[in-house]
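Welcome to a short tour of a protein fold. Take a moment to look at the sequence and the 3D view before reading on.

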Amino acid sequence: MTTTRHHIDLVETYAAHNYHPLPVVLASGEGAWVTDVEGRRYLDCLAGYSALNFGHGHPRLVARATEQLQRLTLTSRAFHNDQLGPFVEALAGLTGKQMVLPMNSGAEAVETAIKVSRKWGYQVKGVTPGAATIVTMSGNFHGRTTTIVGFSDDPDATTDHGPFTPGFTRVPYGDLPAVAAAIDAAAGNTVAVLLEPIQGEGGVVIPPDGFLRGLRELCTERNVLMVADEIQSGLGRTGRTFACDHEDVVPDIYVLGKALGGGILPVSAIAADREVLDVVRPGTHGSTFGGSPLAAAVGHEVVGLLATGEYQERARVLGKRLVAGLDALVGSGLVAVRARGLWAGVDVDPGLMTGRRVCEELMARGVLAKDTHGSTVRFAPPLVCTEDDVDLLVSTLRSVLEQALLSAG
Ligand SMILES: Cc1ncc(COP(=O)(O)O)c(C=O)c1O
(Lines give C-alpha, C1' and ligand atoms only; values in the text may rest on other atoms or scores of the structure.)
Protein backbone atom coordinates (compact mmCIF):
# COMPACT_ATOMS: atom_id res chain seq x y z
CA MET A 1 0.00 0.00 0.00
CA THR A 2 1.40 3.43 -0.88
CA THR A 3 1.86 5.98 1.86
CA THR A 4 -0.76 8.14 0.13
CA ARG A 5 -3.31 5.29 0.10
CA HIS A 6 -2.59 4.49 3.74
CA HIS A 7 -3.30 8.07 4.90
CA ILE A 8 -6.44 8.34 2.80
CA ASP A 9 -7.70 5.03 4.16
CA LEU A 10 -7.17 6.19 7.73
CA VAL A 11 -9.09 9.41 7.11
CA GLU A 12 -11.89 7.62 5.27
CA THR A 13 -12.22 5.11 8.08
CA TYR A 14 -11.93 7.34 11.13
CA ALA A 15 -12.81 10.88 10.09
CA ALA A 16 -16.35 11.99 9.30
CA HIS A 17 -16.92 12.41 5.57
CA ASN A 18 -17.71 16.11 5.59
CA TYR A 19 -15.20 16.86 2.82
CA HIS A 20 -14.33 15.28 -0.52
CA PRO A 21 -10.59 16.07 -0.74
CA LEU A 22 -8.45 15.53 -3.80
CA PRO A 23 -6.43 12.31 -3.35
CA VAL A 24 -3.20 14.03 -2.33
CA VAL A 25 -1.59 13.83 1.13
CA LEU A 26 0.50 16.89 1.91
CA ALA A 27 3.41 16.77 4.28
CA SER A 28 5.22 20.09 4.02
CA GLY A 29 4.99 23.53 2.44
CA GLU A 30 7.07 26.58 1.73
CA GLY A 31 5.78 29.77 0.17
CA ALA A 32 3.41 28.88 -2.67
CA TRP A 33 4.59 25.28 -2.88
CA VAL A 34 3.66 22.10 -1.01
CA THR A 35 5.14 18.60 -1.03
CA ASP A 36 3.21 15.36 -0.59
CA VAL A 37 4.18 12.24 1.35
CA GLU A 38 5.63 10.71 -1.85
CA GLY A 39 7.92 13.71 -2.35
CA ARG A 40 5.92 15.23 -5.24
CA ARG A 41 5.71 19.05 -5.32
CA TYR A 42 2.60 21.06 -6.16
CA LEU A 43 1.82 24.71 -6.68
CA ASP A 44 -0.85 25.53 -4.09
CA CYS A 45 -3.50 27.53 -5.94
CA LEU A 46 -6.08 27.36 -3.17
CA ALA A 47 -3.96 28.71 -0.30
CA GLY A 48 -6.26 27.32 2.39
CA TYR A 49 -9.22 29.20 0.90
CA SER A 50 -7.11 32.37 1.23
CA ALA A 51 -6.04 31.65 4.82
CA LEU A 52 -2.52 31.30 3.41
CA ASN A 53 -2.31 34.68 1.70
CA PHE A 54 1.27 34.98 2.95
CA GLY A 55 2.17 31.46 1.88
CA HIS A 56 3.26 28.42 3.82
CA GLY A 57 5.74 29.05 6.60
CA HIS A 58 6.19 32.78 6.11
CA PRO A 59 9.44 33.45 8.00
CA ARG A 60 8.13 36.44 9.95
CA LEU A 61 4.93 34.68 10.96
CA VAL A 62 6.69 31.46 11.94
CA ALA A 63 9.32 33.36 13.94
CA ARG A 64 6.70 35.40 15.80
CA ALA A 65 4.51 32.34 16.45
CA THR A 66 7.47 30.27 17.65
CA GLU A 67 8.67 32.96 20.00
CA GLN A 68 5.19 33.40 21.45
CA LEU A 69 4.64 29.61 21.68
CA GLN A 70 7.59 29.41 24.00
CA ARG A 71 6.50 32.38 26.11
CA LEU A 72 2.73 32.30 26.68
CA THR A 73 -0.04 30.74 24.57
CA LEU A 74 -3.31 31.09 26.47
CA THR A 75 -4.62 33.10 29.36
CA SER A 76 -8.36 33.17 28.58
CA ARG A 77 -9.94 36.60 28.76
CA ALA A 78 -10.34 36.15 32.53
CA PHE A 79 -6.94 37.86 32.69
CA HIS A 80 -5.18 40.35 30.47
CA ASN A 81 -2.20 39.33 28.36
CA ASP A 82 0.53 41.52 26.89
CA GLN A 83 -0.26 40.64 23.23
CA LEU A 84 -3.95 41.47 22.89
CA GLY A 85 -3.75 45.23 23.37
CA PRO A 86 -1.11 45.86 20.71
CA PHE A 87 -2.95 43.51 18.31
CA VAL A 88 -6.37 45.15 18.60
CA GLU A 89 -4.76 48.60 18.38
CA ALA A 90 -3.03 47.56 15.14
CA LEU A 91 -6.15 45.94 13.67
CA ALA A 92 -8.26 48.97 14.57
CA GLY A 93 -5.66 51.00 12.68
CA LEU A 94 -5.75 48.75 9.62
CA THR A 95 -9.56 48.79 9.45
CA GLY A 96 -9.93 52.45 10.44
CA LYS A 97 -12.36 51.33 13.15
CA GLN A 98 -12.36 52.23 16.84
CA MET A 99 -12.76 48.77 18.35
CA VAL A 100 -12.14 45.10 17.67
CA LEU A 101 -13.69 41.93 19.06
CA PRO A 102 -11.39 38.92 18.53
CA MET A 103 -12.66 35.38 18.00
CA ASN A 104 -11.28 32.21 16.36
CA SER A 105 -13.04 30.79 13.31
CA GLY A 106 -14.71 32.77 10.57
CA ALA A 107 -18.15 31.41 11.44
CA GLU A 108 -17.71 32.62 15.02
CA ALA A 109 -16.89 36.10 13.78
CA VAL A 110 -20.03 36.09 11.60
CA GLU A 111 -22.08 34.94 14.61
CA THR A 112 -20.49 37.76 16.59
CA ALA A 113 -21.47 40.29 13.93
CA ILE A 114 -25.05 38.97 14.00
CA LYS A 115 -25.29 39.19 17.78
CA VAL A 116 -23.75 42.65 17.89
CA SER A 117 -26.00 43.92 15.07
CA ARG A 118 -29.09 42.67 16.88
CA LYS A 119 -28.01 44.19 20.19
CA TRP A 120 -27.24 47.48 18.44
CA GLY A 121 -30.68 47.29 16.84
CA TYR A 122 -32.48 46.90 20.15
CA GLN A 123 -30.31 49.19 22.27
CA VAL A 124 -29.34 51.96 19.88
CA LYS A 125 -31.77 51.93 16.95
CA GLY A 126 -34.79 51.07 19.06
CA VAL A 127 -36.03 48.07 17.08
CA THR A 128 -39.17 46.30 18.37
CA PRO A 129 -38.09 43.68 20.95
CA GLY A 130 -37.61 40.26 19.32
CA ALA A 131 -38.23 41.60 15.78
CA ALA A 132 -34.69 42.35 14.52
CA THR A 133 -34.22 41.39 10.87
CA ILE A 134 -30.99 40.92 8.92
CA VAL A 135 -30.93 41.01 5.12
CA THR A 136 -28.65 38.42 3.49
CA MET A 137 -27.77 37.63 -0.13
CA SER A 138 -28.50 34.70 -2.43
CA GLY A 139 -25.49 32.45 -2.99
CA ASN A 140 -24.00 33.50 0.34
CA PHE A 141 -21.45 31.53 2.28
CA HIS A 142 -20.70 32.70 5.81
CA GLY A 143 -19.78 29.46 7.59
CA ARG A 144 -21.38 26.37 9.04
CA THR A 145 -23.18 27.08 12.31
CA THR A 146 -26.89 26.32 12.46
CA THR A 147 -27.81 30.01 12.48
CA ILE A 148 -25.55 30.77 9.50
CA VAL A 149 -26.60 27.82 7.33
CA GLY A 150 -30.20 28.78 8.10
CA PHE A 151 -29.93 31.70 5.65
CA SER A 152 -27.98 29.78 3.00
CA ASP A 153 -29.70 28.80 -0.25
CA ASP A 154 -27.40 25.84 -0.81
CA PRO A 155 -29.32 22.61 -0.12
CA ASP A 156 -26.07 20.81 0.82
CA ALA A 157 -25.65 23.30 3.64
CA THR A 158 -29.23 23.23 4.90
CA THR A 159 -30.76 19.79 4.32
CA ASP A 160 -31.72 18.08 7.59
CA HIS A 161 -30.04 20.76 9.69
CA GLY A 162 -33.16 22.71 10.65
CA PRO A 163 -35.06 24.17 12.36
CA PHE A 164 -33.20 27.41 11.81
CA THR A 165 -32.88 30.75 13.58
CA PRO A 166 -35.58 33.23 12.49
CA GLY A 167 -34.90 36.88 11.67
CA PHE A 168 -33.15 36.62 8.30
CA THR A 169 -34.37 37.47 4.83
CA ARG A 170 -32.53 36.87 1.56
CA VAL A 171 -32.40 38.93 -1.64
CA PRO A 172 -30.63 38.36 -4.96
CA TYR A 173 -26.91 39.21 -4.68
CA GLY A 174 -26.13 42.60 -6.16
CA ASP A 175 -29.78 43.70 -6.42
CA LEU A 176 -29.98 47.08 -4.68
CA PRO A 177 -33.74 47.68 -5.16
CA ALA A 178 -34.36 44.22 -3.63
CA VAL A 179 -32.29 45.17 -0.58
CA ALA A 180 -34.25 48.41 -0.21
CA ALA A 181 -37.55 46.53 -0.50
CA ALA A 182 -36.44 43.96 2.10
CA ILE A 183 -35.41 46.73 4.52
CA ASP A 184 -38.74 48.47 4.05
CA ALA A 185 -40.73 45.24 4.41
CA ALA A 186 -39.31 44.84 7.91
CA ALA A 187 -40.89 48.17 8.93
CA GLY A 188 -37.96 49.74 10.76
CA ASN A 189 -36.78 46.47 12.28
CA THR A 190 -33.89 45.80 9.88
CA VAL A 191 -30.66 45.99 11.85
CA ALA A 192 -28.12 44.91 9.24
CA VAL A 193 -27.37 43.88 5.69
CA LEU A 194 -24.82 41.05 5.73
CA LEU A 195 -22.85 40.34 2.59
CA GLU A 196 -19.61 39.19 1.08
CA PRO A 197 -18.32 42.09 -1.06
CA ILE A 198 -17.15 39.33 -3.41
CA GLN A 199 -18.63 35.86 -2.99
CA GLY A 200 -15.79 33.37 -2.64
CA GLU A 201 -17.51 30.02 -2.19
CA GLY A 202 -20.07 31.16 -4.74
CA GLY A 203 -17.24 31.08 -7.32
CA VAL A 204 -15.62 34.55 -7.02
CA VAL A 205 -18.84 36.36 -7.85
CA ILE A 206 -18.36 40.13 -8.13
CA PRO A 207 -21.43 42.36 -7.66
CA PRO A 208 -22.33 44.93 -10.34
CA ASP A 209 -20.22 48.12 -10.32
CA GLY A 210 -21.65 50.61 -7.89
CA PHE A 211 -23.56 48.04 -5.83
CA LEU A 212 -21.36 48.37 -2.74
CA ARG A 213 -21.48 52.16 -2.90
CA GLY A 214 -25.24 52.11 -3.39
CA LEU A 215 -25.61 49.71 -0.50
CA ARG A 216 -23.48 51.94 1.71
CA GLU A 217 -25.71 54.91 0.94
CA LEU A 218 -28.88 52.89 1.46
CA CYS A 219 -27.70 51.54 4.81
CA THR A 220 -26.75 55.01 6.02
CA GLU A 221 -30.08 56.44 4.86
CA ARG A 222 -32.16 53.73 6.56
CA ASN A 223 -30.00 53.49 9.70
CA VAL A 224 -29.04 49.87 9.02
CA LEU A 225 -25.58 48.41 9.63
CA MET A 226 -23.61 47.37 6.57
CA VAL A 227 -21.78 44.21 7.61
CA ALA A 228 -19.04 43.14 5.19
CA ASP A 229 -17.85 39.57 5.55
CA GLU A 230 -14.28 40.02 4.28
CA ILE A 231 -13.14 36.69 5.70
CA GLN A 232 -12.11 35.42 2.27
CA SER A 233 -11.97 38.64 0.24
CA GLY A 234 -10.05 40.75 2.75
CA LEU A 235 -6.43 41.17 3.82
CA GLY A 236 -4.82 41.71 0.44
CA ARG A 237 -6.38 39.01 -1.74
CA THR A 238 -8.12 41.35 -4.18
CA GLY A 239 -5.25 43.80 -4.61
CA ARG A 240 -6.55 46.12 -1.89
CA THR A 241 -6.62 45.58 1.86
CA PHE A 242 -10.38 44.99 1.70
CA ALA A 243 -12.63 44.19 -1.25
CA CYS A 244 -14.85 47.12 -0.17
CA ASP A 245 -11.89 49.43 -0.92
CA HIS A 246 -12.48 48.89 -4.66
CA GLU A 247 -15.57 51.08 -4.34
CA ASP A 248 -14.12 53.29 -1.58
CA VAL A 249 -16.75 51.91 0.74
CA VAL A 250 -16.35 51.56 4.50
CA PRO A 251 -18.84 49.13 6.07
CA ASP A 252 -20.07 49.54 9.65
CA ILE A 253 -18.68 46.15 10.61
CA TYR A 254 -15.75 44.33 9.02
CA VAL A 255 -15.80 40.57 9.58
CA LEU A 256 -12.31 39.11 9.26
CA GLY A 257 -10.74 35.68 9.56
CA LYS A 258 -8.70 33.22 7.53
CA ALA A 259 -5.49 35.15 6.61
CA LEU A 260 -5.67 37.00 9.94
CA GLY A 261 -4.22 33.83 11.47
CA GLY A 262 -1.44 33.69 8.88
CA GLY A 263 -2.42 30.12 8.00
CA ILE A 264 -1.01 29.12 11.40
CA LEU A 265 -4.01 29.13 13.70
CA PRO A 266 -7.62 30.29 13.48
CA VAL A 267 -7.84 34.01 14.25
CA SER A 268 -10.94 36.03 13.44
CA ALA A 269 -12.38 39.33 14.53
CA ILE A 270 -15.00 41.93 13.90
CA ALA A 271 -14.04 45.60 13.75
CA ALA A 272 -16.49 48.46 14.21
CA ASP A 273 -16.83 51.87 15.79
CA ARG A 274 -17.59 52.41 19.46
CA GLU A 275 -21.27 53.22 18.83
CA VAL A 276 -21.69 49.64 17.59
CA LEU A 277 -19.21 47.55 19.59
CA ASP A 278 -19.89 49.29 22.88
CA VAL A 279 -23.16 47.35 23.12
CA VAL A 280 -21.06 44.32 24.14
CA ARG A 281 -20.88 43.99 27.91
CA PRO A 282 -19.05 41.49 30.15
CA GLY A 283 -20.78 38.12 30.10
CA THR A 284 -22.73 38.72 26.87
CA HIS A 285 -20.22 37.19 24.44
CA GLY A 286 -16.86 35.48 24.48
CA SER A 287 -14.60 32.59 23.63
CA THR A 288 -11.91 30.77 25.59
CA PHE A 289 -9.32 31.04 22.86
CA GLY A 290 -10.39 34.31 21.21
CA GLY A 291 -7.74 36.97 21.75
CA SER A 292 -5.22 34.49 23.16
CA PRO A 293 -1.62 35.71 23.31
CA LEU A 294 -0.63 33.30 20.55
CA ALA A 295 -3.49 34.37 18.26
CA ALA A 296 -2.86 38.03 19.02
CA ALA A 297 0.86 37.71 18.32
CA VAL A 298 0.28 36.10 14.93
CA GLY A 299 -2.60 38.43 14.04
CA HIS A 300 -0.47 41.43 14.95
CA GLU A 301 2.32 40.23 12.67
CA VAL A 302 -0.20 39.74 9.85
CA VAL A 303 -1.38 43.32 10.27
CA GLY A 304 2.29 44.35 10.16
CA LEU A 305 2.77 42.49 6.87
CA LEU A 306 -0.18 44.33 5.36
CA ALA A 307 0.91 47.74 6.60
CA THR A 308 3.33 48.48 3.75
CA GLY A 309 0.90 47.61 0.93
CA GLU A 310 3.48 45.25 -0.60
CA TYR A 311 1.17 42.22 -0.60
CA GLN A 312 -1.81 44.18 -1.88
CA GLU A 313 0.42 45.38 -4.75
CA ARG A 314 1.64 41.85 -5.48
CA ALA A 315 -1.98 40.67 -5.67
CA ARG A 316 -2.81 43.50 -8.05
CA VAL A 317 0.15 43.01 -10.39
CA LEU A 318 0.17 39.20 -10.39
CA GLY A 319 -3.62 39.24 -10.68
CA LYS A 320 -3.42 41.17 -13.93
CA ARG A 321 -1.10 38.51 -15.30
CA LEU A 322 -3.39 35.75 -14.09
CA VAL A 323 -6.54 37.21 -15.59
CA ALA A 324 -4.82 37.89 -18.93
CA GLY A 325 -3.77 34.23 -19.08
CA LEU A 326 -7.19 32.93 -18.06
CA ASP A 327 -9.13 35.25 -20.38
CA ALA A 328 -7.19 33.77 -23.31
CA LEU A 329 -8.73 30.38 -22.48
CA VAL A 330 -12.33 31.58 -22.83
CA GLY A 331 -13.70 29.76 -25.84
CA SER A 332 -11.06 27.03 -25.46
CA GLY A 333 -12.67 25.10 -22.64
CA LEU A 334 -13.64 28.01 -20.40
CA VAL A 335 -16.92 29.86 -20.73
CA ALA A 336 -16.28 32.64 -18.21
CA VAL A 337 -13.59 34.15 -16.02
CA ARG A 338 -14.26 36.37 -12.99
CA ALA A 339 -11.29 37.82 -11.18
CA ARG A 340 -10.19 40.51 -8.80
CA GLY A 341 -6.59 40.71 -7.67
CA LEU A 342 -5.01 37.31 -7.33
CA TRP A 343 -8.37 35.59 -7.07
CA ALA A 344 -10.21 34.03 -9.97
CA GLY A 345 -13.23 31.85 -10.57
CA VAL A 346 -13.39 30.16 -13.96
CA ASP A 347 -16.43 28.41 -15.39
CA VAL A 348 -15.47 25.34 -17.37
CA ASP A 349 -17.64 24.36 -20.32
CA PRO A 350 -19.96 21.91 -18.52
CA GLY A 351 -20.18 19.81 -21.68
CA LEU A 352 -16.41 19.30 -21.56
CA MET A 353 -15.67 18.34 -17.97
CA THR A 354 -16.66 18.99 -14.36
CA GLY A 355 -14.74 21.33 -12.10
CA ARG A 356 -13.76 18.34 -10.02
CA ARG A 357 -12.29 16.58 -13.05
CA VAL A 358 -10.32 19.71 -13.96
CA CYS A 359 -8.89 19.79 -10.41
CA GLU A 360 -7.92 16.11 -10.61
CA GLU A 361 -6.15 16.68 -13.92
CA LEU A 362 -4.44 19.81 -12.57
CA MET A 363 -3.30 17.80 -9.57
CA ALA A 364 -1.83 15.11 -11.80
CA ARG A 365 0.22 17.92 -13.41
CA GLY A 366 1.34 19.46 -10.11
CA VAL A 367 -1.20 22.23 -9.50
CA LEU A 368 -3.72 22.17 -6.64
CA ALA A 369 -7.03 24.02 -6.94
CA LYS A 370 -10.61 23.52 -5.78
CA ASP A 371 -13.87 23.28 -7.66
CA THR A 372 -17.13 24.78 -6.50
CA HIS A 373 -20.72 24.47 -7.75
CA GLY A 374 -20.18 21.84 -10.42
CA SER A 375 -18.27 23.50 -13.20
CA THR A 376 -16.42 26.35 -11.46
CA VAL A 377 -12.77 26.24 -10.37
CA ARG A 378 -11.25 28.79 -8.01
CA PHE A 379 -7.67 29.98 -8.14
CA ALA A 380 -6.25 31.84 -5.15
CA PRO A 381 -2.52 31.20 -4.98
CA PRO A 382 -0.59 32.67 -2.05
CA LEU A 383 0.31 36.33 -2.62
CA VAL A 384 3.99 35.36 -2.28
CA CYS A 385 3.88 33.36 -5.52
CA THR A 386 5.96 34.50 -8.50
CA GLU A 387 5.22 35.45 -12.11
CA ASP A 388 6.55 32.03 -13.10
CA ASP A 389 4.08 30.39 -10.73
CA VAL A 390 1.20 32.31 -12.29
CA ASP A 391 2.38 31.33 -15.77
CA LEU A 392 2.62 27.71 -14.65
CA LEU A 393 -0.93 27.81 -13.31
CA VAL A 394 -2.23 29.14 -16.63
CA SER A 395 -0.18 26.82 -18.86
CA THR A 396 -1.17 23.79 -16.78
CA LEU A 397 -4.85 24.70 -17.03
CA ARG A 398 -4.40 25.21 -20.77
CA SER A 399 -2.90 21.74 -21.15
CA VAL A 400 -5.76 20.15 -19.16
CA LEU A 401 -8.37 21.88 -21.33
CA GLU A 402 -6.53 21.10 -24.58
CA GLN A 403 -6.33 17.43 -23.66
CA ALA A 404 -10.06 17.37 -22.87
CA LEU A 405 -10.94 19.17 -26.12
CA LEU A 406 -8.81 16.67 -28.05
CA SER A 407 -10.48 13.68 -26.39
CA ALA A 408 -13.92 15.21 -27.00
CA GLY A 409 -12.93 15.24 -30.68
C1 LIG B 1 -16.88 34.64 3.31
C2 LIG B 1 -16.71 33.59 4.37
N3 LIG B 1 -17.27 33.76 5.58
C4 LIG B 1 -17.13 32.85 6.56
C5 LIG B 1 -16.42 31.69 6.36
C6 LIG B 1 -16.30 30.69 7.47
O7 LIG B 1 -15.01 30.67 8.00
P8 LIG B 1 -14.54 29.42 8.87
O9 LIG B 1 -14.44 28.25 7.95
O10 LIG B 1 -13.21 29.84 9.43
O11 LIG B 1 -15.57 29.23 9.93
C12 LIG B 1 -15.83 31.47 5.11
C13 LIG B 1 -15.09 30.21 4.85
O14 LIG B 1 -14.85 29.81 3.74
C15 LIG B 1 -15.98 32.43 4.10
O16 LIG B 1 -15.44 32.27 2.88
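In what order do the four strands of the open sheet stand? The order is E1-E2-E3-E13, and the pairing is mixed. Keep in mind as you read that this is a predicted model. The points below go from this sheet to the domains, the core and the ligand.

- Strand E2 (residues 33-36) runs antiparallel to strand E3 (residues 41-44), and three bridges join them.
- Is Thr-35 buried or partly exposed? Thr-35 is partly exposed, because 15 other C-beta atoms lie within 10 Å, while a buried residue would need 20 or more.
- Leaving aside residues up to four places away in sequence, Thr-35 touches Ala-27, Ser-28, Arg-40 and Arg-41.

- The domain assignment of the protein gives domain 1 (3-58 + 310-408) and domain 2 (72-307).
- Taken over C-alpha atoms, the centres of domain 1 and domain 2 are separated by 27 Å.
- Where they meet, 28 residues of domain 1 and 21 residues of domain 2 take part in the contact.
- On the side of domain 1 that touches domain 2, the elements giving two or more residues are helix H2 (47-50), helix H12 (310-327), E11, E12 and E15.
- H12 gives the most to that side, with five residues.
- The residues of that side of domain 1 divide into twelve nonpolar, twelve polar and four charged.

**Strand E12 and its neighbours**

- Why is strand E12 (residues 344-348) described as largely enclosed by the rest of the structure? Four of its five residues are buried, so the rest of the structure largely encloses E12.
- E12 pairs with strand E11 (residues 334-339) in the antiparallel sense, over five bridges.
- Within this pair, Arg-338 has Gly-345 of E12 as its bridge partner.
- E11 and E12 form a hairpin with four residues between them, and Gly-341 in the turn has a positive phi of about 65°.
- E12 also pairs with strand E15 (residues 376-379), again in the antiparallel sense, over four bridges.
- Here the bridge partner of Ala-344 is Phe-379 in E15.

**The nonpolar core**

- In soluble globular proteins, nonpolar side chains tend to be buried together.
- The largest nonpolar core in this model has 117 residues, and Val-193, Val-255 and Ile-270 have the most contacts inside it.
- Helix H11 (residues 293-307) gives the most to this core, with eight residues.
- Domain 1 and domain 2 each supply at least three residues to this core.
- Val-193 touches Val-135, Val-179, Leu-215, Cys-219, Val-224, Met-226 and Val-227, not counting residues up to four places away in sequence.

**Around the ligand**

- How many residues surround the ligand? There are 15, and the closest are Ser-105, Gly-106, Ala-107, Gly-143 and Gln-232.
- Helix H5 (residues 106-125) gives the largest share of this shell, three residues.
- By class, the shell has five nonpolar, seven polar and three charged residues.

Conventions: Residues numbered from 1 in each chain as written. Predicted model: local features only at pLDDT ≥ 70, side-chain atom pairs only at ≥ 80, totals over all residues. Core = buried A, V, L, I, M, F, W, Y, C linked by C-beta atoms within 7 Å. Buried ≥ 20, exposed ≤ 12 C-beta atoms within 10 Å, placed from the backbone. Domains from an automatic or database assignment. Contact = placed C-beta atoms within 7 Å. Pairing = 2+ DSSP bridges. Near = placed C-beta within 6 Å. Nonpolar A, V, L, I, M, F, W, Y, C, P; charged D, E, K, R; others polar.
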